[in-house]
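Subject: Structure handover

Hello,

Please find the structure below. My notes on what was found in it come after.

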Amino acid sequence: YAEIDKAKLYLAMHSGQSSYDFFKIIRNNQKIFYKTELLQFNELQRIWVSEEEKNEFRLRTENVITNQKFSITLFQDANREYNNIYKIARYFLVLESIVGSQAESRKAIRNFFLINNYSINYNFQNQLGQNIQIDFVELAGIIRAKLFHGVELKYKYFKKVFKTETDYDFFIEDNTYFHKYMRDMCEVALMIKEMISR
């Protein structure tokens with residue numbers, strides 16, 4: 001089963017997907033019944049410039065699976081989550097695991113990306129077509145903290161992130177892309193950690 005588990009983790013990293021049972025078989029009184037299961041897809045597509053780049057990604061992914069097994073397992077679990085807000089919180093847990101923060105995790109994650117020359121800003125357009133730039137670490141960290149402690153999400157917790165309650169409401173109602181951005185940042189963090197651990 002070790003190789004199957006490794007293949008599942010590779011799938012999580014390579015495609016942003018988790019393995020799913022796609023049908024079930026039941027045998028009852030000599031009759032066989034089966035039911036197909038709906039699958040969830042994250043619509044992740046990779047474009048390779050060269051075969052060498054593709055092979056390097058594969059090798060780095062195998063190293064991530066070997067050296068960061070707990071973090072990649074959290075990543076796989078986050079990919080399975082259906083609720084986009086919960087998914088954001090789960091991806092934040094992945095980032096906490098990668099940077100190894102024990103206290104002030106937002107600061108540790110922010111520093112990890114800044115030291116490695118990655119922006120911590122997320123850009124989106126609000127309902128008026130205005131470009132909004134927010135600190136993704138702060139936003140995801142607040143979501144994770146509030147959900148973890150069983151607190152209902154409200155604008156008052158996000159005043160540092162959103163200038164207006166309207167922008168907050170728009171984000172909560174249409175958070176389709178942010179969790180994908182978080183998934184990408186987890187992948188980036190896993191790869192950076194692998195490179196600096198060599």
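The buried residues of H4 are covered by, among others, helix H3 (69-80), helix H5 (105-115), helix H6 (136-148), helix H7 (165-173) and helix H8 (178-197). Helices (H or I, at least four residues) and strands (E, at least two) are DSSP runs, numbered from the N terminus. Buried means under 20% relative accessible area, exposed over 50%, and partly exposed in between, with a 1.4 Å probe and protein chains only. Contact means heavy atoms within 4.5 Å.

Before going on, note that this is a predicted model, in which local features need pLDDT of at least 70 and side-chain atom pairs count only at pLDDT 80 or more, while totals for chains, interfaces and linings use all residues. Residues are numbered from 1 along each chain as its sequence is written, and side-chain values use heavy atoms, with hydrogens and water left out.

H4 itself covers residues 84-99, which is 16 residues. From its first C-alpha to its last it reaches 23 Å, close to the 22 Å expected at 1.5 Å a residue (the expected span is 1.5 Å times one less than the number of residues). Its buried residues are Ile 85, Lys 87, Ile 88, Ala 89, Tyr 91, Phe 92, Val 94, Leu 95, Glu 96 and Ile 98. After H4 comes Gly 100, with a positive phi near 70°.

One of the helices over H4 is H6, and Arg 144 is in H6. Arg 144 counts as buried because its relative accessibility is 16%. Its side chain makes a polar contact with the side chain of Glu 96, at 3.1 Å. A polar contact is a pair of N or O atoms within 3.5 Å; within protein, one must be able to donate a hydrogen and the other to accept it, and residues adjacent in sequence count only if both atoms are side-chain atoms. Leaving aside residues up to four places away in sequence, Arg 144 touches Ala 89, Phe 92, Leu 93 and Glu 96.

**The core**

The largest nonpolar core has 42 residues, and those touching the most other members are Leu 95, Phe 113, Phe 136, Leu 139, Phe 162, Phe 178 and Met 182. Such a core is a set of buried Ala, Val, Leu, Ile, Met, Phe, Trp, Tyr and Cys residues joined through side-chain atoms within 4.5 Å. With residues up to four places away not counted, Phe 178 touches Ile 88, Tyr 122, Phe 136, Leu 139, Ala 140 and Phe 171.

Strands E3 (residues 121-125) and E4 (residues 131-135) pair in the antiparallel sense over 5 bridges; pairing requires at least two bridges found by DSSP. Asn 121 stands opposite Asp 135, and Gln 125 opposite Asn 131. The hairpin has 5 residues between its strands, and Gly 129 in the turn has a positive phi of about 80°.

In the loop between H5 and E3 is Asn 117, a residue other than glycine with a positive phi, near 60°. Asn 117 counts as exposed because its relative accessibility is 72%.

**The whole chain**

The chain has 8 helices and 4 strands. Of its 198 residues, 39% count as buried.

Regards
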